[in-house]
Amino acid sequence: TKMQLKSILNLKPSDHTAVIFDDGNQCDIMSYKQFLFEAQQAQIELKSKITLEPSIIGILCPHSVYTPLLVYICLLTENPFITLSLDSSLWISTLKNCNVRYIFVHKSILSQISGMLKIFIEKTVPISSLGGLYTILELKLGINNGISNEFTYIVQSSGTTGTPKTIFVPERCFVPNLIDFQNLFNMQESDVIFVSSALTFDASIVQIFLGWCSFSTLLVVTDKLRSHPEKISKCLEKHAVTFLQCTPSFLGLIGSHFQEKYLFYNGSKLKILVLGGESFPSKEKCGKWKKALPQLRLFNLYGTSEVSAWASIYEVTNDQFHTERQTLDSDWVPIGKPLSKTIIKVNDLYGNALKHGLGKIWIGSEERVCRITESEEPAFDSCIMRATGDLGFIEGEQIYYSGRYDDQIKRNGLFISTIHINNIVRDIPGVKDCFSTVDKEINNILIVYYVPENDIKVNIFEFMLTRYPSQYIPDKIASVDCFPLTMHGKIDKNALRKKLKNVSNWNLNDIIRNITKSWNEALKISPGDSVSAEIEFSILGGNSFIAAYLVNKFLDFFPYQINFEEIFIKILTSSLNQFIHFISSYVHVDVKNNIEDKASYIVKFDGERCKCFDKDKCFCNKLVKCNCFTSFLKAHTIQTCMCPKKYLGFQNNNFLTSKFNISLSLEWKFDTQKCVDASPLLVFYDNSSDGIVYIGSHSYIFVALNLKDGKLLWRQILGGRIESSAIVSPDGKFICVGCYDGFIYALHYGTGEIYYKFKTNDIVKCTPAPSKKHRLIIVGSYDKHIYALDVAQKVCKWKIKFNSSCFASPLIIDEQNIVIVALLSGSLCSINAETGEKIWEINFNDKPLFSSPTLCRNLILIGCVDGNLYAIDLNGKKLWNFTTKAPIFSSPLIIYEREALIFIGSNDQIIYCLNEQGFLLWKYKTSSSIFSSPSVLHVSSLENNMLQFEISVVILVSSTDGHVCALKFEYYPQYELQSKFSIEHAAKIKSKDTVNEKLPIDSTERLFVSDTTVIEVSCIGAYKFPAEIYSSPIVCNNKIIVGCRDNNVYCMNIEL
């Protein structure tokens, strides 16, 4: 490498321009001949005035035509140099830590520097060469520390991406970069390279070296000129810059108007644009540049000062702007392949290398190793790897920069990146540029600074509130004329913070007073009324309309963004004191979203000989392994044959005897590290009798567990929280699940490898639904779209946009060729399953629908937050509704036995049983609100023998306080009453309230009477989990599997 560096310094004396210096008023030009002459004169003078033994030389100077020459002289004399800046508060301590012997100081700041370093200066040495602009200060602390010869230069990292570090850079680190760039960019003598930042940014040093490698011209400007949008744009055009390497913020400073006028236009000399140091711009913006300037080559450069300077590069080509395939690469630009002698890894939270998913980026090498002061380097394999502090999403062979780990902010239980916020705000009409940051000095509030077009302010709050989930809504928005940049060309966060004034402080007492006043006014409670603050909102007459009114009222005085959905539900389910307690910890506690609909599936794959359920109808008699499988959906078994003839049928899940009491005991539990709100998916494969449980959690982790003992089989870390429950793809090969990062994932059932992922534009809480007929999965997103995906072919068959987000799982009715979707706007819609065209739409008074639609023969059943269960026919006509006392978030459960039985849980803590005409058969009050859907433990029916029940059903109901109870009910025909009870006794029973007040822990029977039947209901078993439950339990082989908010997945054994 010594020879390589010397070859770089072996410049040819010619009249070709080496340096242009422009201060905005006049230009100084230096040819290569003059450059080498000045270098020779300076070297002679330095040898006569100072001792040029190997010493570290500091450069503390503003830009001038001599800036590259100072670097050249240090290298020529084989002395390492360090670049310093007065803007850094650490420059004096850096001098001492690095044992700097000499400093080049520009005469414009000499008196200032001399005063600051007075106690360290041994002598002052004026220099007549170099235009007489510089003086050398010899310091007392410059003792050779024995390492100087190993390094070429030293840089102080800016600290914008972490703690500032002093980095000693050897030749073997930067020379591979120069060789790669020379080959990739094919730089010529005719090229003009813009030195885009101060020398303290090692990227500028690489730019200077690159110019010398190709004998190109270097354009150097003052800091003042570089920070003026119009003047710097004109300067770049004036000097015909062909190579521009800068930060995206520098281009943002210029602005789109001046970009189009002076840089990206037909006839511009700009050939190569290399952006690095920050998140890469959107492809939409890049597409505009490429369209205006077709010959432009555009690169994404990624790296850190620790490898000085660059680690990977990616060229954005024209064909990438015309792809119709929905992939991550459709919107994001990857960081590209590693440069020579460089290794890049993405590791998970445990330090394991990822093949797919979100993790932390590490960069290292066996040769490109810098020395970092006061640091310990972990060793991976045979090379030194360094943590960058960046997040990266790895997909296939590409890595996508996903922001700084420190720039993640937790809002309403969801980690989001400020990069995502920036992309959202930049897309708002009237926004020229924006920058979001988390202010840790003010309760970690999210602040968005933006530059408006034409100085016209934009109502960003209003725009975002109507289009995005509340976690993306900033706490503060500030309009600025332009973004101040650091000397490295990055946005100056400290300077922005000074622009923001009058930030609201959190005053809890004022908030509580306002909440109490609004609460009482909405419920018409006068100051003199003696109404307990422990009485629930719904009991005081509150409804969903009043709750929505209160949420909007709270928005007026609550100083932080709030989740409408979350606060709305909390009001409906709380007393005043409970709600105040919740609000008091709102900004200090991770508040989880308590609403999620889960579909519970158990899937079975048959054995070596195909055991399809109906040989006469499916004609399957294969002697080899086939893909037919049986999917248990709560009480029903949906059997799917993959053979040419297809048939769909239902069976009952019978595995318990008719007369029993049960107890629940812990079989095993598995810690997922974060809350588990998703419902489990249980699969039996033909080569395994144990079964596998699939489930995801808020920890980003999706796991496969052995049903027998809970052992981990595999795990996959996805790109965000997982609240969606998983399903099996129509062909039975993949596990499909939605994620908070906006993707729908298809994981291989046996390995967990990501086979396919589809990107939506917002979080996905919806549980997908499979369509066997069309071989699709249908899923909704918070981006207000419904998507039909062919997972096997990795394509989106169709999508349809609505006016609201989709939370509930779609209902697919293949026989009718329709898909039913429920929206948060209160609309229930029918869609053509083949084309994605809307057939009809019905709205329930704009009240959100969180419950998933369910088919009951020819009825569509849907619960609503207005407290009603609605029945709709297949043409969209409302047939009946059943009213509960609180919002419904649970999805209906249907059991077919003699007649259809409908079960629905409500926030009024009651589980209701209806017939298919909507008449109440019985109801049972549990210990808390019911969000999840009930499951079936047992169904059986007998002939009407004397003193025997006609139908016996056992269901499992979970409530939000962690209680799970097994309810058994039995039908007794009226004519049997005389044999067991007196008619008089039955009449007394019929007149009683049909709701017990407490959850019975013991097996205590309750008697209820309908118009035609006496029904005996009892709680035959109960279990209290350690935390809240929003996961819907599934039942199989005398086992119950359910997720809990104490981070665990539980498997409970049912003991008779």
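1. Helices (H or I, at least four residues) and strands (E, at least two) are DSSP runs, numbered from the N terminus. The model is predicted, with local features requiring pLDDT of at least 70 and side-chain atom pairs counted only at pLDDT 80 or more, while totals for chains, interfaces and linings use all residues. Residues are numbered from 1 along each chain as its sequence is written, and side-chain values use heavy atoms, with hydrogens and water left out.

2. Overall make-up. The protein has 21 helices and 63 strands. Of its 1056 residues, 61% are buried; here buried means under 20% relative accessible area, exposed means over 50%, and partly exposed is in between (1.4 Å probe, protein chains only). Among contacts with a separation of 6 or more, 60% are between residues 24 or more positions apart, a contact being heavy atoms within 4.5 Å.

3. Helix H6. This helix covers residues 171-185, which is 15 residues. From first C-alpha to last, H6 reaches 21 Å, close to the 21 Å expected at 1.5 Å a residue; the expected span is 1.5 Å times one less than the number of residues. The buried residues of H6 include Phe 174, Leu 178, Phe 181 and Phe 185, and Glu 171 and Asp 180 are buried too. Just after the helix, Asn 186 takes a positive phi of about 55 degrees.

4. Helix H7. With 13 residues, H7 reaches 19 Å between its first and last C-alpha, close to the 18 Å expected at 1.5 Å a residue. Because 12 of its 13 residues are buried, H7 is largely enclosed by the rest of the structure. Among the buried residues are Asp 202, Gln 207, Gly 211 and Trp 212. Phe 215 follows H7 and has a positive phi, near 55 degrees.

5. H6 against H7. The axes of H6 and H7 (residues 202-214) come within 10 Å and cross at roughly 55 degrees. That angle makes H6 oblique to H7. Axes are lines fitted to C-alpha atoms, for helices over the stretch in contact, and angles run from 0 to 180 degrees between N-to-C directions. Under 35 degrees counts as roughly parallel, over 145 as roughly antiparallel, 65 to 115 as roughly perpendicular, and the rest as oblique. The crossing of H6 past H7 is right-handed; a crossing is right-handed if the near helix is turned clockwise from the far one by less than a right angle, and left-handed if anticlockwise. H6 contributes Phe 174, Leu 178, Phe 181, Gln 182 and Phe 185 to the contact, and H7 contributes Val 206, Phe 209, Leu 210, Cys 213 and Ser 214. By class, this contact has 8 nonpolar, 2 polar and no charged residues. Ala, Val, Leu, Ile, Met, Phe, Trp, Tyr, Cys and Pro count as nonpolar, Asp, Glu, Lys and Arg as charged, and the others, Gly among them, as polar.

6. H2 against H3. Helix H2 (residues 32-49) packs on helix H3 (residues 67-76) at an angle of about 55 degrees, with the axes 10 Å apart. H2 and H3 are therefore oblique to each other, and H2 passes H3 in a right-handed crossing. The contact residues include Phe 35, Leu 36, Glu 38 and Gln 43 of H2, and Pro 68, Tyr 72 and Ile 73 of H3. They divide into 10 nonpolar, 1 polar and 1 charged.

7. Leu 263. Leu 263 lies in helix H10 (residues 248-263) and is buried, at a relative accessible area of 4%. Apart from neighbours within four places in sequence, its contacts include Leu 236, Leu 251, Phe 258 and Leu 293. Its C-alpha is separated by 9.4 Å from that of Ala 292, 29 residues apart along the chain.

8. Loop residues. Most residues other than glycine have a negative phi. Gln 673, in the loop between strand E31 (663-671) and strand E32 (681-684), has a positive phi of about 80 degrees and is partly exposed at 37%. Arg 857 sits in the loop between strand E48 (854-856) and strand E49 (859-863); its phi is positive, near 55 degrees, and it is partly exposed at 41%.
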